[in-house]
Amino acid sequence: MYGNGPVFKAEGTSFRDQPYAEQLPQGLWTTGLCDCHEDAHICVQTAIMPCISFAQNVEIVNRGTIPCMNAGLIHLALGFVGCCWLYAFPSRTTLREHFALPEEPCRDFWVHIFCTPCAICQESRELKNRGADPSIGWVSNVEKWSREKVTPPIVVPGMMR
C-alpha cells in the first residue's frame, strides 16, 4: 500500500510549507545520541523495556508493514541472548535514509552494539521531532496527519550510483 519510497510522502504541499519545516536542521539529527534527558518519557520507557520503544519506532519507519507487537517480541527474544542490536541497527539505517541523516557518531551497527538504548531513544525523538508520534502507531499518525492536513517533512532521496 505504501511502496518503498520515503516513510512520509508529501501530498499536494511541499515540505517547506509545513509549519515546522523551518525549525528542523536539514540533513542533521535534531538531537544527539546522548540527549536522552530531552524526552523523559521515552528515556524511562526505553530504560525499562527497550523492546517497546524499538517496536513503536519500527512500526513508523516501516509504515505499519511490521506490526509493533511482532517487532517488540523479536527484539525481546534477541535481547535475552544479547543480540537485539542485530535486529535494531537496520531500522536506524532505514530511518536515516528516509530523512537523509548522517551516520554518526559512527556506523549504525556500532551505535546499536555499544549503545542500543541511547540509539532507540534518539530514533524515537527524531520521529517525534519530525512529526510522527511513535507511541500512537502508524495508522493513528496517518489519521492525525489527514485530520490536521499536515504532511510530515521528507527528504527526497538523491540519485543512487
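Visitor: Is Trp110 buried, partly exposed or exposed?
Guide: This is a predicted model, where local features need pLDDT of at least 70, side-chain atom pairs count only at pLDDT 80 or more, and totals for chains, interfaces and linings use all residues. Residues are numbered from 1 along each chain as its sequence is written, and side-chain values use heavy atoms, leaving out hydrogens and water. Buried means under 20% relative accessible area, exposed means over 50%, and partly exposed is in between (1.4 Å probe, protein chains only). Trp110 has a relative accessible area of 39%, so the label is partly exposed.

Visitor: How are the rings of Trp110 and Phe114 arranged?
Guide: Rings of Phe, Tyr and Trp (its six-membered ring) pair if their centres lie within 6.5 Å; planes under 30 degrees apart count as stacked, over 60 as edge-to-face and the rest as tilted. For Trp110 and Phe114 the centres are 5.8 Å apart and the planes sit at 15°, so the pair is stacked.

Visitor: And what about the rings of Trp85 and Phe109?
Guide: Their centres are 5.2 Å apart. The planes of Trp85 and Phe109 meet at 90°, so this pair is edge-to-face.

Visitor: Which residue's side chain has a polar contact with that of Thr31?
Guide: Thr31 is buried, at 6% relative accessible area. A polar contact is a pair of N or O atoms within 3.5 Å; within protein, one must be able to donate a hydrogen and the other to accept it, and residues adjacent in sequence count only if both atoms are side-chain atoms. At 2.9 Å, the side-chain partner of Thr31 is Arg125.
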